Structure formats: structure tokens, C-alpha cells
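Subject: A structure for you to look at

Hi there,

Here is the structure I promised to pass on. Have a look at it first, and then read my notes below.

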Amino acid sequence: MLKKITTVASVVLLSALTACGSGGGGNAGSTTPGGTITMGFAQVGAESGWRTANTKSIQDEAKAAGIDLKFSDAQQKQENQIKAIRSYIQQKVSVIAFSPVVETGWDTVLLEAKRANIPVILTDRSIDSDDTSLYETFLGSDFVEEGRKAGDWLVANASGPTNVVELQGTTGAAPANDRKKGFEEKIASKPDIKVVASQTGDFTRSGGKQVMEAFLKSQPKIDVVYAHNDDMGLGAIEAIKAAGKVPGKDIKIITVDAVKDGMQALANGEINFIVECNPLLGKQLMELAKKVVAGEQVPERVVTEEGTFTQEQAKTVLPQRQY
């Protein structure tokens, strides 16, 4: 089972929790002769503005921390990530970090890393495994809570029968599974709200547009779009406009991420509500990497702090937005 998620600010977790990984250094990776930590990082891909910001954060913070980063782009294919992880094991890196494309199918390769005494950190996305000793910690968002926030807004703002179409993330990915779960949990309290169609747009703008075009043809009435990320929501906006409707008015739109393009659409009134998912995980990741390589205790779960945005809030924060 996945490690229990505790929604607590990461700073508190890092200083107060005693739940830990290998602790005494039995799993600690090696460093170069000069003492430099080498990190092998297997990224999901470059499917969205969020992912681009996440990659830049990791690359910039590795450089700032003096960590030698070996980076690979899996192009959203699990087999590419597994190949990259095995390559990092062969190279005897100090620590491996990755954002899993999907939740399942990791036990074999992570057991190989464990046997090679190379610690593993999950970042952004978790895995579904009964053996939680295969990784030291998971750094990232509470995706179920993000779905709940989206559902709470809709419950508070919907009046009368409301037909929702859902643009899901990559099939089998933790954020897709969890954002769906949290959203459904909240709208269950209001029987008038119904998800009439749900399909993956694979977290891409083009995928969101394509699926939304199909929804507009197949569904007689659509009141709300719930997109698992901004990019799919932006693709849906294109499809809605092409169909002669007004996004944000004729069809309300809820998305997750809060990247600049999404926030601009929110400020313009084309998106109605955005749940934040912070991609700037690089600094926390490098801090955790140094700890696990040194054999120090780390929390089992580090949750990032995130908020939500309305149109007026988006207008206020956009000028200072980092991603």
C-alpha cells in the first residue's frame, strides 16, 4: 500500500517527523572521489508547462547545490524510465530520483537499485507498491486533496442540474487517479452534479482539445469542464471557441496546476477556478538527496504547500508568477 499521506507543510515534516527511510546509511549511495553527489533523475517528459517548470527547477537547484545531475526524458513511457533507472544503477550514481509515469510496475527495477545500495526518492508522483522499503521518501502534492478542492468549488457554485465532462490525465498516473477520486468524493454530496463523460487527454493541450471536440459532439448538454491540468483545459478552450461557445460563461472550466498560461486564461475569465500544483520541487529534492546519501533520517512523505485561485486572485499574482 502507498505510504500514508499527511497534509502538513514540508518544513514541519522535515523537522518534526521521525518516520524515516534507511536511517543508518545501509541504503546510502556513494559519492565521487571529490565528495560530489551524483543524482540520476528520470523525468516523465515535457508534456505540459508544469513539467517544463518542474524540470527547470530540478536542473537549476542541482547546479546551485553542487549536485552532478544526470537527466533523462522518458517521453511519457514507463519502459524509458525503467531503462534510465537501470542505466543509473550501472553508473553507480549516489541517488536516483524520478517522477513515475504510472503508479504500478516498479518493484523489479527498484529492488535492483536497493540491492545496489542506491537510495531512491519519488518526486511529484507516487507508486503503488506493497514494499515501501524500495524508496526513501515521496516529495510532492496531495493529488486527492487537489481533486477535493476542485469539487468543493463546484459544489459551492453549481445551481440546479449540472453536467460535467472530465479531461483525465495519463491513464494509470497517480495525479489522474487521485484528482478524479477527490473530485468525485466532494460532488457526491450534490446529486444534481453528474459526470456525464470522462476520458484521458494525456495531460497535453492537444489531447485536451481533441477529447473536448469529441465531447461537444457526443454530449447534448455540457455545463462544466473539469480538467486534470491547465494544458488540457487550455486545449478545451480552443475546442469550445471553435464550437461557437464562450469558455468560462457558456461552459465553466475548472483546472489544476496554475501555470502562467492557465492563470492568464483565468484572469481573462476563460477559466473559472484553478487548483494550484507547485512544480518548483528542485530545492526540496536536493535537500532530501543530501540527507539520504548521508544516511540521515527523512520523512516518509513531504507534502508541498499549495492554494487555489479565482479570477481576481489570478490578476493579483500573475505579475510575480515564477511559472
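Let's start with a pair of helices: α2 and α10 cross each other in a right-handed way. Please keep in mind that this is a predicted model. To find the pair, look for α2 at residues 49-65 and α10 at residues 282-293. Their axes come within 8 Å, and the crossing angle is roughly 50°. Angles from 65 to 115 degrees count as roughly perpendicular and those under 35 degrees as roughly parallel, so α2 and α10 are oblique to each other.

Which residues make the contact? On the α2 side they are S57, I58, E61, A62 and A65, and on the α10 side they are G282, K283, L285, M286 and K290. Sorted by class, this contact has 5 nonpolar, 2 polar and 3 charged residues.

Next, two residues with an interesting backbone angle. D202 is not a glycine, yet its phi is positive, near 60°. You will find D202 in the loop that runs between β7 (193-200) and α7 (205-218). A258 is also not a glycine and has a positive phi, about 80°. The loop holding A258 lies between β9 (252-257) and α9 (260-267).

Is A258 buried or exposed? Its relative accessibility is 0%, and buried means under 20%, so A258 counts as buried. D202, with a relative accessible area of 31%, is partly exposed, because that class lies between the 20% limit for buried and the 50% limit for exposed.

Enjoy exploring, and write back with any questions!

Best wishes

Methods. Residues numbered from 1 in each chain as written. Predicted model: local features only at pLDDT ≥ 70, side-chain atom pairs only at ≥ 80, totals over all residues. Heavy atoms only, no water. Axes fitted to C-alpha atoms, helices over the stretch in contact; angles between N-to-C directions. Helix = DSSP H or I, 4+ residues; strand = E, 2+ residues; numbered from the N terminus. Parallel < 35°, antiparallel > 145°, perpendicular 65-115°, else oblique. Left-handed = near helix turned anticlockwise from the far one by under 90°. Contact = heavy atoms within 4.5 Å. Nonpolar A, V, L, I, M, F, W, Y, C, P; charged D, E, K, R; others polar. Buried < 20%, exposed > 50% of the residue type's maximum accessible area, 1.4 Å probe, protein only.
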